[in-house]
Amino acid sequence: MPDAMKRILALARLVLLDGLRRHALKGLIALSITAQIGAFFFFDFIPRDIGRASGDFILSVAWLSGFIFLFFHGVQVMALDEERKVIYSLLARPISRGEYVIGIFTGLSTLLFLLNLILGGLGYGSLVLIKQMVKPVYFDQLHTGSYLLSWLGLIAMEFMMLSVILLFSGLVRGSFPVLLLSLSFYATCSGLPVVREAVAQQVAEGKGVAGLSTVLQGMTAIFPDFDRLDFKNMIASTTPLPQLSLMAMNFGLTLSYVALFLWLACLVYQRRDLQ
C-alpha cells in the first residue's frame, strides 16, 4: 500500500474512532428509533396511503438525522477554529494538505454511511411491520429496490453536502461561519428549482426575461438540484424504477460534483495553515 494511502486511512480511522467516542452515531440512532416508534402510534390517523406516508416519514427521519450529523458533528470536525486545537490539526504537519482533506472526508463519510446503514435496516423493518399491521388496501406495495434506491439517493445528497462543507471549512475559520455558509448553500439548492420553475412559467407566458431562465439553469452547476436524487415516493407505489441510463447519469453527476469540490478543497487547504 502506498505511503499516502496509509496516511489517509490512518487519519480516516482517527476521525471514525473519534466520532464513535463522542457518541455521534448513538445519539442520532436513538433519536431516529424514538421517532420511528412514534410512527406506530400515529399511522392509524392516516386515512389512506399509509404505505406512502410511512415511507416518507422513515426517509424524512433519516434525512433529519443525516443533516444533523453534517451540520453539527461534521462542521465541528472540519472547521478550522483558532481557539480550539484538535488532534487533526496536529497531524497536519507530517501529511500533505491533500491527504488531510481526503482523510477527513473518508472518515466522516464512513461514519455517515454507517449511520444510514443502521437507519436503513431499522426503517425497512418498521415498514414491514406497519404493512403487516394494516389492511392491504392501505399498504399494498413495498418495493425493496425502490427503498434501496431512495437510500442511495439520500446518501449521495449527504456526500455532496459533506464535500461542500469541507470546502467552506478551508475558506473561512470558525465553526459558526461554516455552519451559516453550509445552511445558506443548502437553502439555495432547495429553493432554486422552485424559482427556476416559476421563471420558466413566466417566460412561457411572455412575462419574464428569457436570459434569467438561462442564468438560473446555469446555476445548477454550483447549486445542484437534490430532487433528482429523491425517490422516496416510489417505495409504496407501482411506479417502475427509473431507466438505468438516467440513474447512471444522476449518480455519475453526483460523483463528479463530490470529486470537483474535494479538488477545490485540496487547493484551498494547500494555501491555508491548519493551525
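**View 1. The accessible surface of the predicted model.** Of the 275 residues in the protein, 45% are buried.

**View 2. The fold, helix by helix.** The secondary structure holds nine helices and zero strands. Along the sequence, the pattern reads α-α-α-α-α-α-α-α-α.

**View 3. Helix 5 packed with helix 6.** Helix 5 covers residues 97-133, and helix 6 covers residues 144-171. Their axes lie 10 Å apart. The two helices pack at an angle of about 155°. Angles over 145 degrees count as roughly antiparallel, so helix 5 and helix 6 are roughly antiparallel to each other. Their crossing is right-handed. The residues of this contact divide into 16 nonpolar, six polar and one charged.

**View 4. Ser-182 and the residues it touches.** Ser-182 belongs to helix 7, which spans residues 175-204. Its relative accessibility is 0%. Buried means under 20%, so Ser-182 counts as buried. Leaving aside residues up to four places away in sequence, Ser-182 touches Phe-71, Met-161, Ile-165 and Phe-168.

Definitions and conventions: Residues numbered from 1 in each chain as written. Predicted model: local features only at pLDDT ≥ 70, side-chain atom pairs only at ≥ 80, totals over all residues. Heavy atoms only, no water. Axes fitted to C-alpha atoms, helices over the stretch in contact; angles between N-to-C directions. Helix = DSSP H or I, 4+ residues; strand = E, 2+ residues; numbered from the N terminus. Parallel < 35°, antiparallel > 145°, perpendicular 65-115°, else oblique. Left-handed = near helix turned anticlockwise from the far one by under 90°. Nonpolar A, V, L, I, M, F, W, Y, C, P; charged D, E, K, R; others polar. Buried < 20%, exposed > 50% of the residue type's maximum accessible area, 1.4 Å probe, protein only. Contact = heavy atoms within 4.5 Å.
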